[in-house]
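User: Hi! I am new to protein structures and would like to learn how to read one. Could you walk me through it step by step?

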Amino acid sequence: GVLIPHTPLRMSSGLGGLNKSPHGVVVGLCQLQLPVIETKDQLDAQVDRVCALVGKARRGSTSMDLVVFPEYMLHGLSMDVCDEIMCERDGPIVARLRAACVQHKIWGCFSIMERNPAAPESPFNSGLIFDADGNEVLYYRKLHPWVPVEPWAPGDLGVPVVDGPNGCKLALIICHDGMFPEMARECAYKGAEIMLRTAGYTAPIRDSWVFTNQANAFQNLMCTASVCMSGSDGTFDSMGEGMFCNFDGGIITRGGGRPDEIITCELRPDLVREARLGWGVENNIYQLGHRAYVAVQGGARDCPYTFMHDLVAGKYRLPWEGQGKHTDGRSCGFPAPVREYAPSAAASNGHGDAKK
C-alpha cells in the first residue's frame, strides 16, 4: 500500500484574533517608534507613550490576551548607562506599566534597563510580564547582550517558563538571545509553547532575524512571537518586523516597518501540544534526548557533544581561542572590564521568582 503522510492542522492567524477560538491566545506585537531618551523627563514621557499604546492595543482588539513591547522601549539605542534613566523592578516606572495592564485588563510584556547595585556601570537588560490583574508573572535578565556593542551585565536568572494567558506555557528571550539555538531549546525543554522575543535590532540584521525566528520555532515545535523597535531616532533605523511563526517554522503573520503598528495573531498552544505528542519525523526536541530509538530501546540518552561537556566544566574553548580580535568592548568605546562574572544575590535560587 501507499503510505499517505498525516497532515497536521495548520495554524492560521484567526484574522489577527478577530475569530478567536476557545483554545487560542491572541498576541499583539507593538512595533514601537524608536525614541531618544537622555533625561528623566524624556523617560517619564516615554512611559506615558507606552501606557497609551497598551490602551490602543485593548481598544483595537477586545480579544487580545497579551501585548508585547520591544527591547529598549524606554531607553532607545544610545547604550547610555546614566543612572538617571535606569529603572528598578519595584520602582515607580514599572508600577505605571503594571497599572496600565490593570486599567486595560490585558497582559503586558515590557523592557527595562535595570540598575545593578553590584556594578552600576553594567545595568541589567531585563524583561517583565504582568497579567491583567497586575501580578508579575515573569522576570528575566538578558543572558546574551549583543557584544561588543552592548554594555549590559550577563543575565544570571536562567530562562523562566510560566503559565501564560488561556493556559499556555510562556517564555521570554531578548534580542541577541535568539541567535543562540540553545536559548530556544531551553525554553522548549522547560515546556514553553509560545516564546516571545523582543529586540531593538536594526536593518542589517533583517535576514538573520527572520530565519532564526523560524528555526527556533521548527527545531522545538514551538510558536515564536518576535518584535523589534521601529522607525528612526535620527541615527539608527530599527526595523519593526513583528512576526509570528508556527511550530513547523512557517510564518503565520509578519509586519513591516510602520512605527507603533500592533501586529496581531491568534496562536494555538493546543496544536503545539498535539504536535509534540503526535509527531514522529522531525520531533527534534524529543529526539535530541532519544537518538536512534528505532535501533535501541528508548534511544541513546548520552551526551555526545563536546561543547556541552566543556561548557559545564568551565572549559569552553574554541580551536581558534585567543586569536579573535574582539574580546571586550573597547572597539565600541567601553573600557576593558576588570571584574569577573559572579551571579547576583537574586540568582541564588537559579531563576527569577515572580512577585505578586
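This is a predicted model: local features need pLDDT of at least 70, side-chain atom pairs count only at pLDDT 80 or more; totals for chains, interfaces and linings use all residues.

User: What does the secondary structure of the protein chain come to?

Analyst: The protein chain has eight helices and 14 strands.

User: How do I judge its overall shape, and what radius of gyration does the protein chain have?

Analyst: The idea is to compare the chain with a compact globule of 356 residues, which would have a radius of gyration near 21 Å. The protein chain has 20 Å, so the two agree. Along the principal axes, its C-alpha atoms fill a box of roughly 70 × 55 × 40 Å.

User: How much of the protein chain is buried?

Analyst: A residue counts as buried when its relative accessible area is under 20%. Here buried residues make up 50% of the 356 in the chain.

User: Which residues touch the most other members in the largest nonpolar core?

Analyst: First the general idea: in soluble globular proteins, nonpolar side chains tend to be buried together. In this model the largest nonpolar core has 53 residues, and Leu196, Phe244 and Leu267 touch the most other members. Strand S7 (residues 169-174) gives the largest share of this core, five residues. Take Leu196 as an example: beyond its neighbours within four places in sequence, its contacts include Leu66, Val68, Cys109 and Ala225. There is also a second, separate core of 40 residues, with Leu53, Met86, Ile112 and Met113 among them.

User: How many aromatic pairs does the structure hold?

Analyst: Seven. To read a pair, look at the distance between ring centres and the angle between ring planes. For Phe69 and Phe110, the centres are 5.6 Å apart and the planes are at 15 degrees, so this pair is stacked, since planes under 30 degrees apart count as stacked. Phe69 lies in the loop between strand S2 (66-68) and helix H3 (92-104), while Phe110 is in strand S3 (residues 107-114), so the pair ties together parts 41 residues apart in sequence.

User: Are Phe69 and Phe110 buried or exposed?

Analyst: Phe69 is buried, at 0% relative accessible area, and Phe110 is buried too, at 2%. Phe110 also pairs with Phe130: their ring centres are 6.2 Å apart and their planes are at 40 degrees, so that pair is tilted. Together, Phe69, Phe110 and Phe130 form one aromatic cluster.

User: Where does the charged end of Arg89 sit?

Analyst: Over the ring of Tyr139, 3.7 Å from its centre. In another case, the charged end of Arg141 sits over the ring of Phe124, 3.8 Å from the ring centre.

User: Let me try one residue myself. Where does Met79 lie, and which residues is Met79 in contact with?

Analyst: Met79 lies in the loop between S2 and H3. At 13% relative accessibility, Met79 counts as buried. Leaving aside its neighbours within four places in sequence, Met79 is in contact with Tyr72, Val149, Glu150, Pro151, Trp152 and Phe334.

Notes:
Residues are numbered from 1 along each chain as its sequence is written. Side-chain values use heavy atoms; hydrogens and water are left out. Rings of Phe, Tyr and Trp (its six-membered ring) pair if their centres lie within 6.5 Å; planes under 30 degrees apart count as stacked, over 60 as edge-to-face and the rest as tilted. Helices (H or I, at least four residues) and strands (E, at least two) are DSSP runs, numbered from the N terminus. Buried means under 20% relative accessible area, exposed over 50%, partly exposed in between (1.4 Å probe, protein chains only). A charge sits over a ring if NZ of Lys or CZ of Arg is within 6 Å of the ring centre and within 35 degrees of the ring normal. The radius of gyration is taken over C-alpha atoms; the globule rule is 2.2 Å times the number of residues to the power 0.38. A nonpolar core is a set of buried Ala, Val, Leu, Ile, Met, Phe, Trp, Tyr and Cys residues joined through side-chain atoms within 4.5 Å. Contact means heavy atoms within 4.5 Å.
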